[in-house]
Amino acid sequence: CDFYVDRLDDAFPCGPSGYARAYGRPYCEYFLDLLPALSPLGQAWLSRTLPCLQNALLPFLQPLTAPRNCREIHDTAFATHPTCYTQTGNSLCALDLPDLAIILSVLEKRDLLNRDGRRQIAKVMRQCLHEARQPERARTLLVLTLKHGLQNPAVKAVQICQGLFGS
């Protein structure tokens, strides 16, 4: 998890509210804390997903592909999350419900409810529908997300479903 501060933020400092310090490193640490609670499949998913998330940001450490600004780091990181969460042969969509519930339990409400969070949820659910061709998997992911404590689940469910099935 040190990658986010020691390498990414060191190479391109964005401060305490930048992606590396406010999101990348904290969530990496939250997820690592979950490792013992996950099944072997969940542990394997996590041990492959965390490096994927970091590797997606490695180009920013190269002079020719350095980010233009902190927003670019943020946007690129968030854009790669769904792909890393649903890698071929290592997809969140294949995890059992207890693992899904444990993984979702670390997500902060503000991160689920903001525009980036809703987009990620919609992309992951779309991929789950595509992978399993079983709408109940995506529905289950949506229900678990909503049960995680969203303040107005009806409104958020509509927004997430619009993201899933609409634009």
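Buried means under 20% relative accessible area. Keep that cut-off in mind as you look through these close-ups of a predicted model.

**View 1. Cys14 and Cys70 are joined in a disulfide.** Here the two sulfur atoms sit 2.2 Å apart. Cys14 belongs to the loop between helix 1 and helix 2, while Cys70 is in helix 4 (residues 70-85), so this pair ties together parts that are 56 residues apart in sequence. With a relative accessible area of 16%, Cys14 is buried; Cys70, at 30%, is partly exposed. The torsion about the S-S bond is about -100 degrees, so the disulfide is left-handed.

**View 2. Cys1 pairs with Cys28.** Their sulfur atoms are 2.0 Å apart. Cys1 is found in the segment before helix 1 (2-11) and Cys28 in helix 2 (residues 19-34), so the link ties together parts that are 27 residues apart in sequence. Cys1 is partly exposed at 22% relative accessibility, whereas Cys28 is buried at 3%. A torsion of about -80 degrees about the S-S bond makes this disulfide left-handed.

View 3. The sulfur atoms lie 2.1 Å apart. The S-S torsion here is about -75 degrees, so the disulfide is left-handed.

**View 4. The disulfides of the model.** How many disulfides are there? The count comes to three.

Notes
Residues numbered from 1 in each chain as written. Predicted model: local features only at pLDDT ≥ 70, side-chain atom pairs only at ≥ 80, totals over all residues. Heavy atoms only, no water. Disulfide = S-S within 2.5 Å. Helix = DSSP H or I, 4+ residues; strand = E, 2+ residues; numbered from the N terminus. Buried < 20%, exposed > 50% of the residue type's maximum accessible area, 1.4 Å probe, protein only.
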